[in-house]
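Here is a quick walk through one protein model, meant to be read with the structure open beside you.

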Amino acid sequence: MYIVMLASECAPVAKVGGLADVVYGLSRELEMRGNAVEIILPKYDCMRYDQIWDLQVTYQDLPVPWHDYVIHCTVWFGFIHGRKGFFIEPHSPENFFNRGSFYGFLDEASRFAFFTRAALEFLLKTGKRPDVIHTHDWQTALASVLLYEIYNHHGMEHQRTCHTIHNFKHQGIAGTDVLGAIGLARPEYYFAQDRLGDNFNPTAINFTKGALLYANFTTTVSPRHAWETRHTDQGHGLGHALYVHRHRFGGVLNGLDYDMWNPETDPHIPHHYHAGNIQPKYDNKEALRDRLWLRKGFSPLIAYVGRLDTQKGVHLIRHALFYALQQGAQFVLLGSSPETGINDDFWHVKHHLNDNHDCHLEIGYDEELAHLIYAGADMVVVPSLFEPCGLTQMIALRYGTVPIVRAVGGLADTVFDRDYSSRPVEQRNGYVFHEADFEGLESAMSRAIGLWNDYPGEFRELVMNGIRYDYSWNHPGQNYVNIYEYIRHK
Ligand code: ADP
């Protein structure tokens, strides 16, 4: 198959969050399976140009309709670690993508609506006719609408679209001006509630609703989250639209990059190990303790690695730290928050526990330390309030570190409680609690600490169960191929 990815991010050249990893990881997997994949991105000034090879102009002048005039674009081509990338550079006074950062501007909806239209115009003009156009998040959600309403009538009637919602919180909200700008006249038609009309704002259109209505299939990033978005408030107002289009909506778990996260070859850890011999993992624990000035001795080491965002259950993370210490365990935290209130709180905890040799708080972002923590810790806690997919628990499992998670979103799809799961014993790989309160967290943590202390042989079996799971792109890659095949033959 010939697949075009349309996205606002792709790792490592333009990365803000998990979306970037998915666009790269899925593209790589699809190519390894023999498909042809091309990725179209905006040409941001702030991209990692050192991660693009052979960057050169491939289409000098692409006129893209915008309002009642055209914006001339140049399209560049280059390799993103082996993947084929096209980068659209508009030449206009708005300077859509030359602003020093990827996001955070008042005309965000216009920027990405323009990019989406430009990408389709590029496909049209260059005669590219992919079997599937896969769009990601609100930024490129309008592609399905444009394809059906405009490009279908210009020779692109066979293209199919798949849309993935990585984050329901951001849906792309705009007024009539943006609709008109990209060539969708008839605002009264699009503003209808059963089309693009936003549920909360009658004078706005909702890009993501557009994808739900027009895309041949829509996914989100885990099966459990797909259910939550339909049946709880996690759909952020899209519950009804998801119900109406339920026959072409589903959850596909994200994969983990097994090259980057591999304890056998990881350049950031001093002692390599694998499922056949995990003994060196415990040398990493000592290395981690050395690095963070933690006391050596017989105690489990529990960690939290991740953003300190309310979504992640910051009050529970804080509680996990104190509860671990109370239970004689050690605790390491690596994370930061853009919110000063949350950051200040954790700085306060850090100062308060300054002399404690059983815990360390590293407030900031440190990729290398994260690898050593996953390798050296015995357990990680992930007490999220909501979690569309979550990578932390999958990385932990890969590194033989037992996850203690709240049963929400992708966490519920990947971690199975040692004591209460209905799965066979050898498939149980961690600890799970349900309510977002101290009792739930404590009960899961005390069971984990108890097993580590009293039944080390059984704890090791739990570790081995986790390490045997395959959360690479292998399965999700096949799932997406199945979806593409399904929509292609409809
Ligand atoms: P989200 O995408 O909501 O932030 P995920 O669990 O999907 O959460 O992915 C988080 C990724 O970012 C993981 O790879 C995690 O190790 C990494 N990460 C988060 N915070 C930090 C940090 N402070 N330092 C290093 N890595 C971090």
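How many aromatic pairs does the count come to? With ring centres within 6.5 Å as the cut-off, the count comes to 25 aromatic pairs. Keep in mind that this is a predicted model.

## Aromatic pairs

Take Trp261 and Tyr374 to begin with. Their ring centres sit 5.5 Å apart and the planes meet at 85 degrees; planes over 60 degrees apart count as edge-to-face, so that is what this pair is. Trp261 is found in the loop between β11 (249-251) and α9 (281-292), while Tyr374 belongs to helix α12 (residues 367-376), so the pair ties together parts that are 113 residues apart in sequence. Are these two residues buried or exposed? Both Trp261 and Tyr374 are buried.

Tyr480 and Tyr484 make another aromatic pair, this one tilted, with 6.2 Å from centre to centre and 35 degrees between the planes.

## A cluster of rings

Some rings are joined up through pairs into a cluster. Which residues does it hold? Ring pairs link Tyr44, Trp66, Phe96, Phe97, Phe102, Tyr103, Phe112, Phe114, Phe115, Trp138 and Phe207.

## The whole chain

Zooming out, the protein has 17 helices and 17 strands. Its radius of gyration is 24 Å, close to the 23 Å that the globule rule gives for 490 residues, so the protein is as compact as a globular protein of that length. Along the principal axes, the C-alpha atoms fill a box of roughly 70 × 45 × 45 Å.

Of the 490 residues, 59% count as buried. Looking at contacts between residues at least 6 apart in sequence, 71% join residues at least 24 apart. The protein exposes about 19,600 Å², and carbon and sulfur atoms supply 51% of that area. On the charge side, there are 42 positive and 57 negative side chains, and the centres of the two sets lie 4 Å apart.

Where does Ala448 lie? You'll find Ala448 in helix α15 (residues 438-454). Its relative accessible area is 0%, and under 20% counts as buried, so Ala448 is buried. Leaving aside neighbours within four places in sequence, Ala448 is in contact with Met379, Ile404, Tyr431 and Phe459.

Now try Thr74, which is part of strand β4 (residues 69-80). Thr74 has 6% relative accessibility and counts as buried as well. Which residues does Thr74 touch, not counting those up to four places away in sequence? Its contacts are Val57, Tyr59, Gln60, Phe87, Ile88, Glu89 and His91. By contrast, picking out Ile278 takes you across the model: the C-alpha atoms of Thr74 and Ile278 are separated by 52 Å, and the two residues are 204 apart along the chain.

Conventions:
Residues numbered from 1 in each chain as written. Predicted model: local features only at pLDDT ≥ 70, side-chain atom pairs only at ≥ 80, totals over all residues. Heavy atoms only, no water. Helix = DSSP H or I, 4+ residues; strand = E, 2+ residues; numbered from the N terminus. Rg over C-alpha atoms; globule rule 2.2 N^0.38 Å. Buried < 20%, exposed > 50% of the residue type's maximum accessible area, 1.4 Å probe, protein only. Contact = heavy atoms within 4.5 Å. Areas by Shrake-Rupley, 256 points an atom, 1.4 Å probe, with all protein chains shown as cover. Lys, Arg positive; Asp, Glu negative; His and termini not counted. Charge placed at Lys NZ, Arg CZ, Asp CG, Glu CD. Phe/Tyr/Trp six-rings, centres within 6.5 Å; stacked < 30°, edge-to-face > 60°.
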